[in-house]
Amino acid sequence: MAAATPKATTRATIPVVLVLTVPPKERELEDEREAEMKSLLDTASRSVVATLTQHLHKPVGATYLGSGKIEELAALLKSSGAEQAVFDTQLSPRQQRNLTKEVEADVLDYNQIILDIFARNARTAQAMLAVELAQMVYNRSRLKRMWTHLDRLGGGGGGGSSAVRGAGEKQIEVDKRLVRDRIIELRERLETIEKRRERTVAARGDCFNIALVGYTNAGKSTLMNALTHAGVLAEDRLFATLDTRTAQVHLEGVPNAVLSDTVGFIRNLPPALIASFHATLAEVREADLLLHVIDCSSPSMDEQVTSVEKVLDAIGAAKIPTIMVFNKIDRTYSKAILLAYRRRYTDSVEISALSGDGIDGLKVQIAAQAAAQLTTLTVRFDAKDGALNAFLRSRARVTDESYDGETAQLTLAADSRLIDEIRAHPGLVLVS
């Protein structure tokens, strides 16, 4: 087999063999899975020069692939000139060590690629800390692999001397302690950031908080620009957004509404990465409403929706009221699948964030959701207390008002946070 030529690119790339491990029951998603992996690898500065596909019912414990496929992979690496083999799934440390030895080339798994991309895209101190923590947790169980070269030192039949092996074992223990200490430090720093962010979100108690969630590259940033004119960066690439951005959105009948754009999700997002981005995802957990943006031009729309819902469940946001927003409606892949979703989610909206089609309807739906979360109540207070009057009007919609001598009575449509404040306020009497 002639060696393949890496594709031309504007930046240096590492040639790799992509290993697709597709269960037989998911063969119909094979092309889409391959396209997504190639896009991920391009983002990670790697070019796919060859692809090896294995339809696995069950992975082999020690090597994930069977012996025949391992031989095929080793041959493909040599013939294509690839420097690495990249799997589209998570490998155990043992599997990764054994595969590296068998094919005589670096073997990377799905988690490494995702972590690499996050590391490349991290811009703020918080994102950098979160990525470093996830990398530390991932590499902690792989420290032994970093010292396997010592087994080849010292001669004597390839086993290495006991002194050299002992040095390696001691160094592994030192490294484990250093990694453990660094993980503790990073978690403490991120916990501090998370508490600060939660206080920031809580301070927006007078606002109706909306968070954009969705699969990476579903068009969340484009939608944020369409709703807020915030001018945030909207790129056609995976994980363009890692840090939360917030802007005010003007909605009919909603006094104060803010919209936050958050990091995109992806299938099998590494648990360590979800955990380390817990502080960043505070905007999602504390939101009054989620806009789940769905790329309806993708053949894997159903799988992507499931992936996002799994992450929302993992971070404790599954029960927050949600509007399903079907984006890129002008390029719908399957009208049948879209119709099935519209029947399942009757309050969903179809839009094109790029052209603006459907945006006005989405705003109406958001306002309706905001109104649905309000409770009508009547309060009395001293009519001379202008500050209290202004406070109530800034936080709620006044539906009726009357004045009896020195007493003012307002009927309000208020959210749960304001109701709690009213009950605790000494100058307010709750009538009904």
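Cys207 counts as buried, because its relative accessibility is 12%, and the cut-off for buried is under 20%. The model that shows this is a predicted one. Cys296 is buried too, with a relative accessible area of 1%.

A pair counts when the sulfur atoms lie within 2.5 Å. By this rule the count is zero disulfides.

Now step back to the whole protein. Its chain has 432 residues, and 48% of them count as buried. The protein holds 15 helices and 14 strands. Take the contacts between residues at least 6 apart in sequence: 70% of these join residues at least 24 apart.

Helix α14 spans residues 386–395, and helix α15 spans residues 416–424. Their axes come within 11 Å. They cross at roughly 160°. Angles over 145 degrees count as roughly antiparallel, so α14 and α15 are roughly antiparallel to each other. The crossing of the two helices is left-handed.

Which residues make the contact between α14 and α15? From α14 come Phe391, Leu392 and Arg395. From α15 come Arg417, Leu418, Glu421 and Ile422. By type, the residues of this contact divide into four nonpolar and three charged, with no polar ones.

Definitions and conventions:
Residues are numbered from 1 along each chain as its sequence is written. This is a predicted model: local features need pLDDT of at least 70, side-chain atom pairs count only at pLDDT 80 or more; totals for chains, interfaces and linings use all residues. Side-chain values use heavy atoms; hydrogens and water are left out. Axes are lines fitted to C-alpha atoms, for helices over the stretch in contact, and angles run from 0 to 180 degrees between N-to-C directions. Helices (H or I, at least four residues) and strands (E, at least two) are DSSP runs, numbered from the N terminus. Angles under 35 degrees count as roughly parallel, over 145 as roughly antiparallel, 65 to 115 as roughly perpendicular and the rest as oblique. A crossing is left-handed if the near helix is turned anticlockwise from the far one by less than a right angle, and right-handed if clockwise. Contact means heavy atoms within 4.5 Å. Ala, Val, Leu, Ile, Met, Phe, Trp, Tyr, Cys and Pro count as nonpolar, Asp, Glu, Lys and Arg as charged, and the others, Gly among them, as polar. Buried means under 20% relative accessible area, exposed over 50%, partly exposed in between (1.4 Å probe, protein chains only).
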